[in-house]
Amino acid sequence: MRYLRLMGLFLKSSLLVELEYRVNFLAQGFLGVLYAGVSIASILLFFSQSNRLGGWTLDEALIIVGLFTIFDGLMECIVLPNIKRLVENIRNGAFDFTLLKPINSQFLSTLRYARLHGLTDMAVGAVVIITAVGRIGYRPNLADLFGFGLTFGMACLIIYSIQLAMATTAFWFVKVDNFTEAFRAVYDTARFPVSAFRGGLRIALTFVAPIAFMTTVPAQAVLGRLDAGLVLGSLGFGLGLFAASAALWRYAIRSYSSASS
Amino acid sequence: MAPQISVEDLSKHYQVHEKDPGLAGSLRAFFARKYKTVKAVDRVTFNIDSGERVGFLGPNGAGKTTTLKVLSGLLYPTSGATRVMGFTPHKREAAYLRRFTLVMGQKQQLLWDLPAIETFLINQAIYEISKADFEATLKELDQLLELGPLLRKQVRKLSLGERMKCELAAALLHRPQVLFLDEPTIGLDVTMQVRIRDFVAEYNARYGATVILTSHYMADVTALCSRLIVIDKGRLLYDGDFKALIERMAPYKIIKLQLPHPLPEGRLAAFGEVQSSEGLNAVLRIPRARATETAARILSEIEVDDVTFEDPPVEDIIRDVFAGGLIPTEKTP
Amino acid sequence: MISLARKYVAFGKAAWSNMLEYRAQILLWMTGSLLMIVMLMVWLGIAADQATVGGFSAVDFTLYYMLGLVVRNMTAVWASWELDTQIREGTLSPQLLRPINPIHNHIAANWVEKIIRLAVTVPIAAFVIALTPGAKIDLSLGALAAVAAALLGAWAVAFFVDYLIGLTAFWTTQTSAFIMGFYGLRIVLSGTAAPMQLFPAEFQAALTALPFRYMLSFPLEIALNKLSPEQILSGLLIQWAWVAAFVFAVAIVWRLAIRSYSAVGA
């Protein structure tokens, strides 16, 4: 309950900050649209040479592009700003204030800030998905939508956990601002159906870096192609990575307290 | 009754990595880092009672901040025991975190882009302060610190002093019983330093809160603290009454003379050690026991326009302490 | 000239030891290049079903993206980020007092960073190409010279465009948005998402005229024998015209910037 109230306050203060920098808000919103365009253009380039990408048609692949854009916005909105602050605060020592608060430090460090311009990406992504589903002509039933909600939620958890784990390394390495780029590079593969990749890479993107569970699986859910294995995998990766990253966080806090000066 | 804060045999060691200068050095550091153990705090023991105002003195890197961080639970001690209000700080129990505050002059918790009141509201929710309590406390802090319009201005537009006032208010909203103040006046001008000092004294008087203060500015410590803990290189050098330290470390007085006309060289040396003599102004250092007698002799033997008696500046005394004038630690009652 | 070279050596040494200090970061910087490998994988997937894709065989794609990996790292520039930070935080001011334009410091640092980038990417590219049956680079001496000129040109276009964008920080706080926007366009228009030849015909004229192609695709096209001598020559002309234009623009904007910067007294 207190946590929900705090989330409300955090959102409010983030909105106020955003309003302080209106030009930035517009510029970033525009960037979001531009990047969605880049993703769509790349997909269109592939389909100008072939009518299938890993067995997916253009419209089906566009659902994946839409999901990719939504997660992009979600990262821009919540994950990245918090991680940026966290790394900054660890570097300049203001992180101490976080530890002094009588509240879960992981909550306070990862859900404190929001950059609301990320909402434009999410909106664009949603429009792309709805348009693509409309063109396909398959009407997702209630079970499909439920499956989509579940796998989508797990995808959010996977992204959050991976980024949290990377941010946690800031306790040991001084200058890790660019680790988000490392994640980006892998995440870039999520703009394509995982079946577009062959052999070992496809397996790696499914089981090692669970990119498949971020975009491909939720898209399959909308198309009514979900099976029990995929649901289990999705739940396993989502909950498992979350537990692992939270454990890493606790370990990092402990070693921060015993090592820093 | 057990003391509110007890520190027994506390040590905090940590490792730093070293790098040789130059290209080869950084290459070597790239592959194998060398580590060195630093004893930030080395077997320190002291007790502090509820409501005391204690000054921590020591040069940079003496271990003052490290001690405060251990007391506030940010650092695990390497060895030794600390108890504050019955809690073990490094367990960081919520009940403990709610009862003290740490203000760091060089770090800030206020949201940079928003008015301070927004941070206050968030702290209200985090510390679960009821609306009535929050408003009452805010009103009192407002009175004491004269926050007024500052609360509605973006923090980035405040001056350093104004920002510090808001930082203090943000740190005190939950009415902590123990205040750890680490360099709260750093970088502030003299007027603002006095304001902050007065506020801390007033807060201590009003709520009976315990205050531990570190500062580079001697005046902060002399004005606020009756008890002094001096540490250097992690070791406790002195713990006790402020006045006693001065008498022990400075067994002499300073006599300043203003002369109507110059005296022959060596004339003043007959009275005691001449610290400086420039034109018509002279400064003498006289052993405390002989100060009165010597003053009388001066007045009877030579012509003077003006005489003043002073204790030596506190800075000098402390410098003497650090320079090796180690005083055996005196246990406070 | 000699004194300038000496300064470059000094800048380079400083950049080198700074870079080693942040060892974790070096590898992270380079992960952006993985996009080249991702794109290669997707195209190989498509090429597996068809003999050639728009004139590109699987071997062509491998050559294109592996050489592209190297070229991308040769043309990677971060000067605008640093310039943006330096201008916003005021740390540029002390540099302005030195009797040398800060751009030289950025160039030196950029080239030093390349040493590490190439040390990692060239072996990867060489290894993959060596393992790909039928992949070989067969170029005449003239074409080799053209590749060299195009590579240098690609670096120069990338560096000076980036620097020009960085200089906007003197007037706006939105420089990072410009950088990111430019970077996004670059993914599609410079040949990262797909080789230029695979774009629909109606875009070809625009792609040839715009500067993006000359930051990545152009030297690759020469190396893959996809261009006629006339196309190489006209390409080099357009590329170096862009270089000249951007160098000129940087010089002008720098002068304007310094004037307004000193006037404000920031």
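Me: Which residues does B:D42 touch, not counting those up to four places away in sequence?
Reply: B:D42 touches B:L10, B:S11, B:H13, B:G234 and B:R235, where contact means heavy atoms within 4.5 Å. Before going on: this is a predicted model, in which local features need pLDDT of at least 70, side-chain atom pairs count only at pLDDT 80 or more, and totals for chains, interfaces and linings use all residues. Residues are numbered from 1 along each chain as its sequence is written, chains are lettered from A and ligands numbered from 1 in the order in which they are written, and side-chain values use heavy atoms, with hydrogens and water left out.

Me: Is B:D42 buried or exposed?
Reply: B:D42 is buried, with a relative accessible area of 11%. Buried means under 20% relative accessible area, exposed over 50%, and partly exposed in between, with a 1.4 Å probe and protein chains only. B:D42 is found in strand β2 (residues 34-48) of chain B; helices (H or I, at least four residues) and strands (E, at least two) are DSSP runs, numbered from the N terminus.

Me: And what does the side chain of B:D42 make a polar contact with?
Reply: With the side chain of B:R235, at 3.2 Å. A polar contact is a pair of N or O atoms within 3.5 Å; within protein, one must be able to donate a hydrogen and the other to accept it, and residues adjacent in sequence count only if both atoms are side-chain atoms.

Me: Staying in chain B, which residues of α9 are buried?
Reply: In α9(B), residues 242-249, the buried ones are B:F242, B:L245, B:I246 and B:M249. Seen down the helix axis, they fall within an arc of 95 degrees, so they line one face of α9(B). That arc is taken from the directions from the helix axis to the C-beta atoms.

Me: What do they pack against?
Reply: Against α8 (218-224), β8 (227-232), β9 (235-241) and α11 (314-322) of chain B.

Me: New topic. How many residues are in the largest nonpolar core?
Reply: It has 141 residues, and those with the most contacts inside it are A:F192, B:F180 and C:F61. A nonpolar core is a set of buried Ala, Val, Leu, Ile, Met, Phe, Trp, Tyr and Cys residues joined through side-chain atoms within 4.5 Å. Helix α3 (residues 58-92) of chain A gives the largest share of this core, 16 residues.

Me: What is C:F61 in contact with?
Reply: Leaving aside neighbours within four places in sequence, its contacts are C:L40, C:W43, C:L44, C:A47, C:V53, C:F56, C:P195 and C:L198. C:L40, C:W43, C:L44 and C:A47 are among the buried residues of α3(C).

Me: Which aromatic cluster is C:F61 in?
Reply: One formed by A:F46, A:F192, A:F197, C:W43, C:F56, C:F61, C:Y64 and C:Y65. Rings of Phe, Tyr and Trp (its six-membered ring) pair if their centres lie within 6.5 Å; planes under 30 degrees apart count as stacked, over 60 as edge-to-face and the rest as tilted.

Me: How many aromatic pairs are there over all chains?
Reply: A search of the whole structure finds 37. One is A:F183 with A:Y187: the ring centres are 5.9 Å apart and the planes at 15 degrees, so the pair is stacked. C:F56 and C:Y64 form an edge-to-face pair, 6.0 Å centre to centre with 80 degrees between the planes.

Me: Where do A:F183 and A:Y187 lie?
Reply: Both are in helix α8 (residues 179-187) of chain A, 4 residues apart, about one turn of the helix.
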